[in-house]
Amino acid sequence: DSFELLVAVLNTNFWLTVHVLCITTGYAVSIIAAAFAHIYMVTRLRDRHAPALQIFFSLTHKTGLIALLLTAVGTVLGGIWADQSWGRFWGWDPKENGALLIVLWLIWVQHGRIAGKLRPLPYCAGMAATTIIVGLAWFGVNLLGVGLHSYGFTSGLATGLAVFCMIQAAVIAGLFFTIRIKENKSKQESLS
């Protein structure tokens with residue numbers, strides 16, 4: 001007598017729709033912020049004093065904050081939908097953990113920037129790495145094959161995702177260290 005009737009997932013279309021739209025938009029804005037960070041790094045590699053640097057840094061920061069807001073709200077809305085549909089707000093499902101990982105990553109990078117611990121170059125490298133975090137959270141968790149969010153469709157996904165992550169890591173690290181070396185070299189030349 002004390003058990004509530006469990007509402008079928010498809011009977012809660014409002015929270016499902018709002019959650020999916022919000023979280024997907026948050027993931028997309030995360031990728032856009034990462035793209036601005038990549039552009040910042042390429043521009044800085046070409047010319048450290050380019051006027052466009054401040055624009056791309058500002059775009060990276062602002063879109064990163066929007067991405068954080070959307071993914072955090074989308075994650076909470078997913079919890080509301082899960083509570084109404086499955087009777088639990090959070091179940092430590094891999095897809096839920098992936099969404100939380102994106103939120104925590106964005107909080108960490110934004111906090112580092114706001115606290116002054118991450119200067120523009122490391123901040124943009126961290127924001128550029130958001131592509132890897134989103135890829136792992138969006139697609140990588142499906143490779144586990146467990147949880148309520150396991151959709152299948154994983155044929156060839158592991159290889160593609162691994163290649164994507166390795167290329168992104170190599171590009172970000174390559175840009176970061178090349179910029180550092182180039183800027184240190186120009187400082188030494190100006191001192192001598």
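Is phenylalanine 139 buried, partly exposed or exposed, and what is its relative accessible area? Please also describe its ring contacts and the other aromatic pairs and pocket lining that can be described.

Analyst: In this predicted model, phenylalanine 139 has a relative accessible area of 39%. Because buried requires under 20% and exposed requires over 50%, phenylalanine 139 counts as partly exposed. Tryptophan 138 is likewise partly exposed, at 31% relative accessibility. The ring centres of tryptophan 138 and phenylalanine 139 lie 5.6 Å apart, and their planes meet at 10°, so this pair is stacked. Ring pairs also bring in Tyr27, which forms a cluster with Trp138 and Phe139.

Across the whole structure, 7 aromatic pairs are found. Another of them joins tyrosine 40 and phenylalanine 57, whose ring centres are 6.0 Å apart with planes at 55°, so the pair is tilted. Tyrosine 40 belongs to helix α1 (residues 13-46) and phenylalanine 57 to helix α2 (residues 52-86), so that pair links distant parts of the chain, 17 residues apart. Tyrosine 40 is buried at 5% relative accessible area, and phenylalanine 57 is buried at 8%.

The largest contribution to the lining, 4 residues, comes from α6. By class, the lining comprises 6 nonpolar, 2 polar and 6 charged residues.

How values were computed: Residues are numbered from 1 along each chain as its sequence is written. This is a predicted model: local features need pLDDT of at least 70, side-chain atom pairs count only at pLDDT 80 or more; totals for chains, interfaces and linings use all residues. Side-chain values use heavy atoms; hydrogens and water are left out. Rings of Phe, Tyr and Trp (its six-membered ring) pair if their centres lie within 6.5 Å; planes under 30 degrees apart count as stacked, over 60 as edge-to-face and the rest as tilted. Helices (H or I, at least four residues) and strands (E, at least two) are DSSP runs, numbered from the N terminus. Buried means under 20% relative accessible area, exposed over 50%, partly exposed in between (1.4 Å probe, protein chains only). Ala, Val, Leu, Ile, Met, Phe, Trp, Tyr, Cys and Pro count as nonpolar, Asp, Glu, Lys and Arg as charged, and the others, Gly among them, as polar.
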